[in-house]
Amino acid sequence: MAAEDSFSAREWLRYARQVQLPEVGPAGQRRLRAARVLIVGAGGLGAPAALYLAGAGVGQLTLVDGDAVALSNLHRQVLYGETDIGTGKAAAAARQLQSRNADIEVRAVAAPLGADNVDELVAGADLVLDCTDRMAVRYQLNAGCRRHQKPWLFAAVDRFAGQLALFAPDGACFQCLYPRQPEGLLDCAAAGVLGVVQGLLGLLQAGDALKFLLGLETPSRNHLLLWDALNLELRRLRLRRDPDCPCCTRGGRAELPPEPACAAGSELELAPAAFATALERGDAVLVDVRSAAEFAAFNLGGLNIPLDELDVQDPRLGERPLLLVCQTGVRSRRAAEHLRAAGRAALTLSGGILAWLDERGGD
Ligand SMILES: [Zn+2]
């Protein structure tokens with residue numbers, strides 16, 4: 001037997017429990033060792049998925065993430081600790097994974113996936129895991145994977161609802177399923193999530209990734225799995241190719257669907273530093289549009305008028321320009337749009353109170 005076919009004593013011992021499974025065996029373990037997996041996003045999905053792929057001995061993992069670790073990540077992004085706050089996620093994740101398994105290769109790409117790097121990254125992978133929470137990145141991945149005939153595993157969480165689908169080159173693509181970018185929360189994130197819900201979905205994703213790499217039946221292949229984490233129910237729908245899908249018909253070379261207005265950068269929004277400057281000028285009214293309970297739990301001061309009670313005639317709003325805040329910037333943006341449509345000068349804090357606090361390291 002050729003040397004590359006055999007295992008070191010360390011590998012043989014490390015993977016003993018899974019090699020014992022007839023579905024894996026030495027041949028399956030070799031397949032995992034030869035596999036190159038691209039993980040896009042090292043957050044709430046990517047962290048648990050990467051841990052188990054590294055543990056199982058997937059030979060090469062590439063982690064792509066342009067963000068730094070923040071305090072608000074730690075409740076679900078299990079690869080990181082408090083000492084990682086402020087450091088790049090891709091490098092911190094790679095370090096953690098490599099410390100758990102020195103027999104695999106872990107690579108870190110400290111940049112977001114975009115048009116400039118998608119082809120190079122996808123071309124070098126046998127399987128791609130979508131662990132982002134950005135619809136725009138998913139369309140990039142979808143098109144890149146079509147161009148290079150690569151399979152990719154989509155996963156998304158919206159509060160207690162999870163979605164999982166493996167798009168293989170021989171089946172429907174993501175754009176067949178979602179022809180346009182939805183305006184919903186799948187993209188503008190910020191709805192809140194329990195860490196364990198994202199973690200479980202990340203593990204479902206890792207499980208199907210391993211099955212796929214092992215050549216086993218993969219339930220999410222050409223299917224959409226809809227998972228209800230509150231009731232622990234799973235539904236499975238067959239995906240059908242849309243004969244008019246621009247991505248499929250043009251082999252991933254069609255123009256991507258435009259981002260909905262809520263996802264695009266907006267002149268309504270101020271970054272935390274600019275928002276702080278505007279506040280300090282003292283000529284505007286700060287309005288927190290979260291619920292009274294959220295306001296009571298933590299606030300930056302100002303008025304509390306929940307979004308569903310916001311009325312442009314409300315005398316408390318006064319005459320001065322309005323600076324709007326909420327938890328993550330979604331509700332306050334809606335409030336700003338509403339107020340501006342009624343002729344008021346209103347700006348919103350981009351990323352909300354969480355971005356504000358993240359910038360200050362939670363202090
Ligand atoms: Zn398609």
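**Notes on the predicted model**

1. Gln149 sits in the loop between helix 7 (135-147) and strand 5 (152-158). The model is predicted. Phi of Gln149 is near 55°, a positive value in a residue other than glycine. Most residues other than glycine have a negative phi. Is Gln149 buried, partly exposed or exposed? Gln149 has 13 other C-beta atoms within 10 Å, so it counts as partly exposed.

2. Arg159 lies in the loop between strand 5 and strand 6 (161-167). Its phi is positive, about 55°, although Arg159 is not a glycine.

3. Five strands form an open sheet in the order 9-13-12-10-11, and the pairing is parallel. Which strands are at the edges? Strand 9 (269-270) and strand 11 are the edge strands, each pairing on one side only. Strands of a sheet pair through backbone hydrogen bonds.

4. Strand 10 has two partners to look at. Strand 10 (residues 285-288) pairs with strand 12 (residues 322-325) over four bridges, in the parallel sense. Within that pairing, Leu286 has Leu323 of strand 12 as its bridge partner. Strand 10 also runs parallel to strand 11 (residues 303-304), joined to it by two bridges. There, Asp288 stands opposite Asn304 of strand 11.

5. What is the handedness of the β-α-β unit that strand 10 and strand 11 make with helix 13? The unit is right-handed, and its helix 13 covers residues 292-297.

6. Thr348 is in strand 13 (residues 346-349). Why is Thr348 classed as buried? Because 28 other C-beta atoms lie within 10 Å of its own, and 20 or more make a residue buried. Glu269 is 79 residues away from Thr348 in sequence, yet the C-alpha to C-alpha distance is 4.9 Å. Leaving aside residues up to four places away in sequence, Thr348 touches Leu268, Glu269, Leu324, Gly329, Ser332, Arg333 and Ala336.

7. Helix 14 comes next. Helix 14 (residues 330-341) lies across strand 9, strand 12 and strand 13. Its direction is at about 175° to strand 13. The residues touched by Thr348 include Ser332, Arg333 and Ala336.

8. Last, a helix pair. Helix 4 (residues 46-56) packs on helix 10 (residues 195-214) at an angle of about 35°. The two axes are 7 Å apart. Helix 4 passes helix 10 in a right-handed crossing. Helix 4 contributes Gly46, Pro48, Ala49, Tyr52, Leu53 and Ala56 to the contact. Helix 10 contributes Gly199, Gly202, Leu203, Gln205, Ala206, Ala209 and Leu210. How do the residues of this contact of helix 4 with helix 10 divide? Nine are nonpolar, four are polar and none is charged.

Conventions. Residues are numbered from 1 along each chain as its sequence is written. This is a predicted model: local features need pLDDT of at least 70, side-chain atom pairs count only at pLDDT 80 or more; totals for chains, interfaces and linings use all residues. Two strands pair if DSSP finds at least two bridges between them. A crossover is right-handed if, with the strands pointing away from the viewer, the path from the first strand over the helix to the second runs clockwise. A residue is buried if 20 or more other C-beta atoms lie within 10 Å of its own, exposed if 12 or fewer, and partly exposed in between; C-beta atoms are placed from the backbone. Two residues are in contact if their C-beta atoms, placed from the backbone, lie within 7 Å. Axes are lines fitted to C-alpha atoms, for helices over the stretch in contact, and angles run from 0 to 180 degrees between N-to-C directions. A crossing is left-handed if the near helix is turned anticlockwise from the far one by less than a right angle, and right-handed if clockwise. Ala, Val, Leu, Ile, Met, Phe, Trp, Tyr, Cys and Pro count as nonpolar, Asp, Glu, Lys and Arg as charged, and the others, Gly among them, as polar.
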